Amino acid sequence: MNKGFTLVELVVTISISLMISALVLADFPEFTRRLELSRTAQAIALSFRQAESAALAVREFGLGVFPAYGIHFENLPAKSYIFFADLDSDRIYDNSGEKVDSLIINTAPTISRICGGAKSSPPGDCSIGWLDAVYVRPNPDIFLTTDRGSFNDAEIVVRLPSGEEKQIVIWTTGQLSVESL
C-alpha cells in the first residue's frame, strides 16, 4: 500500500496556500498606512506626556531657569510641532528662544486640524490656527490656549492622504486619549 499525497491533493493544497498569501499581501500596504497613522498619533500623545514630565520634574532650561513646558501646533496641515519651555510664564509659545525641540513627523500622516471644545461643548470650534498646551507645576493641570481663546479640551486630528483619521484628545485635567474617527 502506497502512503502519501496524490498529485491532485498537493496542487489543491498549494493553490489554497497561494490564495491566502495573495489576500494577506494585497492588504499589506493598507495595513502599513494604518500602522503609520496609529504610530504618529501615539507619538504626539507621548510628546504631551514628555512636556508634563519636564514641567512636574522641574527640568532646568538654561542656567537656573525652571519653567513650565508645553507643546505648540501651528501652520496646518503640519508635519512638525514644537516642544517648548514657557520662559516668560504667559502660557504661550512666543519665539524660537523658548524652543526646546522641533518634533518632525517623518511618515505619511499630517496634523490636519485642531478643534477646541468638541468634547465638552459640541460641536466645538475646528477653525483653530494654533494651539499651545502648557503644563504648569505644581499642579498637573494643563492650559489650552489657541488663537480662538481657551478651551477645556482640544483635539489634534492626524490624517492620512487616503482620508483615514485619528485624534488625540487632551483635557485641562490632564486626561489624554487617542481615538479613531
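How many disulfides does the count come to by the distance rule? The count comes to one disulfide, the term denoting a pair of cysteine sulfur atoms within 2.5 Å.

The model is predicted: local features need pLDDT of at least 70 and side-chain atom pairs count only at pLDDT 80 or more, while totals for chains, interfaces and linings use all residues. Residues are numbered from 1 along each chain as its sequence is written, and side-chain values use heavy atoms, with hydrogens and water left out.

**View 1. The disulfide between cysteine 115 and cysteine 126.** The S to S distance is 1.9 Å. The torsion about the S-S bond is about 110 degrees, so the disulfide is right-handed. Cysteine 115 is buried, with a relative accessible area of 4%, whereas cysteine 126 is partly exposed at 38% (buried, under 20%; exposed, over 50%; partly exposed, in between; 1.4 Å probe, protein chains only).

**View 2. The aromatic pair of phenylalanine 48 and phenylalanine 73.** The structure holds five aromatic pairs, defined by ring centres of Phe, Tyr or Trp (its six-membered ring) within 6.5 Å; planes under 30 degrees apart count as stacked, over 60 as edge-to-face and the rest as tilted. In this tilted pair the centres lie 5.9 Å apart, with 35 degrees between the planes. Both phenylalanine 48 and phenylalanine 73 are buried. Together with Tyr81, Phe48 and Phe73 form one aromatic cluster.

**View 3. Arginine 91 over the ring of phenylalanine 143.** The charged end of arginine 91 sits 3.7 Å from the ring centre (criterion: NZ of Lys or CZ of Arg within 6 Å of the ring centre and within 35 degrees of the ring normal).
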